[in-house]
Amino acid sequence: MLASVAVQVASVFKAPCQVRHEHLDVAFARDPIRKQYNSTAILQAMQPFVEPGARLLAVTSLDLYVPVLTFVFGEAQLSGACAVVSLHRLREEFYGLPARDDLMRERLVKEAVHELGHTFGLRHCDDWRCVMTSSHGVERLDVKGAGLCILCSRAVAAVR
Ligand SMILES: [Zn+2]
Ligand SMILES: [Zn+2]
């Protein structure tokens with residue numbers, strides 16, 4: 001699944017994208033009361049894994065949070081090198097529905113492109129079809145596209 005996500009990410013950003021298998025122990029990021037993992041702390045811990053001039057997107061099945069929100073699908077460093085996305089709430093099973101791998105993959109692509117977009121300096125977009133629009137639920141995630149609108153793609157081209 002990650003290999004096919006990488007192909008789509010590469011085509012959106014017009015940059016090579018490789019899948020790396022790395023293990024990062026994120027026990028330090030776990031909140032024992034929320035039973036979730038602090039995504040900001042994970043982003044910091046990813047820093048040593050970044051190759052010079054590259055961006056690094058972590059994919060995890062753990063449930064992520066930032067203190068002000070009940071959960072996040074992912075988080076990224078704005079104009080930074082690291083981003084993280086979680087499969088946890090992208091799975092239909094999380095909502096008590098039968099598994100749908102195609103839908104989960106589509107959601108993962110959108111989340112991956114969205115978070116990587118932030119690493120290219122993109123902020124949230126007003127165009128509801130653009131992948132950079134903010135989506136706090138899977139309903140919103142499912143309506144938006146997996147690609148960047150013309151303005152967001154121009155902004156990415158300008159920093160690449
Ligand atoms: Zn965002
Ligand atoms: Zn946009």
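**Salt bridges and a zinc site**

Arg20 is partly exposed, with a relative accessible area of 33% (partly exposed falls between buried, under 20%, and exposed, over 50%, using a 1.4 Å probe and protein chains only). You're looking at a predicted model, where local features need pLDDT of at least 70 and side-chain atom pairs count only at pLDDT 80 or more, while totals for chains, interfaces and linings use all residues; side-chain values use heavy atoms, without hydrogens or water. Residues are numbered from 1 along each chain as its sequence is written, with chains lettered from A and ligands numbered from 1 in the order in which they are written.

**Arg20 and its partners**
- Arg20 forms a salt bridge with Glu51, with the closest N and O atoms 3.4 Å apart (a salt bridge needs a side-chain nitrogen of Lys or Arg within 4 Å of a carboxyl oxygen of Asp or Glu).
- This pair joins distant parts of the chain, 31 residues apart: Arg20 sits in the loop between α1 and β1, and Glu51 in the loop between α2 and β3 (helices are DSSP runs of H or I with at least four residues, strands are runs of E with at least two, and both are numbered from the N terminus).
- Like Arg20, which is partly exposed, Glu51 counts as partly exposed, at 46%.
- Glu22 joins in too: Arg20, Glu22 and Glu51 are linked in a network of salt bridges.

**Other salt bridges**
- The count comes to eight salt bridges.
- Asp63 pairs with Arg89, their closest N and O atoms being 2.8 Å apart.
- Asp63 is in the loop between β3 and β4 and Arg89 in the loop between β6 and α3, so this pair ties together parts that are 26 residues apart in sequence.
- Asp63 is buried at 10% relative accessibility, and Arg89 is buried at 15%.
- Lys110 is buried at 4%, whereas Glu106 is partly exposed at 40%.

**The zinc ion (ligand 2)**
- Its protein donors are the SG atoms of Cys125, Cys130, Cys149 and Cys152, 2.3 to 2.4 Å away (donors are N, O and S atoms within 2.8 Å of the metal, or 3.2 Å for Na, K and Ca; water is not among the atoms, so sites may look incomplete).
- Along the chain, these donors follow the spacing C-x4-C-x18-C-x2-C.
- The four donor atoms subtend angles of 107 to 113°, so the arrangement is tetrahedral (four donors with all angles between 85 and 135 degrees).

Notes:
Four donors count as tetrahedral if all angles lie between 85 and 135 degrees; four count as square planar and six as octahedral if opposite donors are over 155 degrees apart and all others between 65 and 115; anything else is irregular.
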